[in-house]
Amino acid sequence: DLANWERNDGKESKAPFTVFTAGKANRYWPEGNDAQDGCVRNVGSQKGDQFVCVPIGIRIGGLRLEAREALRFTAYDPLTGKPVKEVVLRRGEQTTLPGTPGGLIVLGRFLPAGEKAR
């Protein structure tokens with residue numbers, strides 16, 4: 001069903017997160033000259049309140065994400081299918097995904113306006 005989802009490049013305002021490399025927003029590590037954090041790309045899609053994104057090539061320093069809206073998500077290791085991190089964020093809150101050269105699969109939902117992030 002992903003063919004019917006709206007795709008984003010991870011830097012667009014409709015993407016669920018702002019990504020950071022070397023402290024700079026909306027940058028991938030190839031743009032950060034030897035940055036120890038960030039990712040190569042973070043493409044994704046969304047449909048309604050659901051989203052998926054795939055940050056790949058996450059540097060050893062991890063990938064800092066800032067929520068553009070209140071949301072909850074689980075990041076999975078694509079090789080084992082095991083959850084790596086589960087997070088609930090309010091708009092503007094940040095979290096860091098662990099470094100992994102292969103990448104992660106992030107599945108989540110935007111929270112309804114009345115539901116509070118904890």
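**View 1. Strand 4 and strand 5 form an antiparallel pair.** Seven bridges join strand 4 (residues 41–47) to strand 5 (residues 50–56). Strands are DSSP runs of E, at least two residues, numbered from the N terminus; two of them pair if DSSP finds at least two bridges between them. Val 43 stands opposite Val 54. The hairpin has two residues between the strands, and Gly 48 takes a positive phi near 60° there. This is a predicted model: local features need pLDDT of at least 70, side-chain atom pairs count only at pLDDT 80 or more, and totals for chains, interfaces and linings use all residues. Residues are numbered from 1 along each chain as its sequence is written, and side-chain values use heavy atoms, with hydrogens and water left out.

**View 2. Strand 5 also pairs with strand 10.** Four bridges join strand 5 to strand 10 (residues 105–110), again antiparallel. Phe 51 stands opposite Gly 108.

**View 3. Leu 107 sits in strand 10.**

**View 4. Phe 17 belongs to the largest nonpolar core.** Such a core is a set of buried (under 20% relative accessible area) Ala, Val, Leu, Ile, Met, Phe, Trp, Tyr and Cys residues joined through side-chain atoms within 4.5 Å. Of its 19 residues, Phe 17, Leu 71, Phe 73, Leu 97 and Val 106 touch the most other members. Strand 5 and strand 10 are among the strands that each supply at least two core residues. Contacts of Phe 17 (heavy atoms within 4.5 Å) include Phe 51, Cys 53, Leu 71, Phe 73 and Val 106.

Technical notes: Buried means under 20% relative accessible area, exposed over 50%, partly exposed in between (1.4 Å probe, protein chains only). Lists of a residue's contacts leave out its neighbours within four places in sequence.
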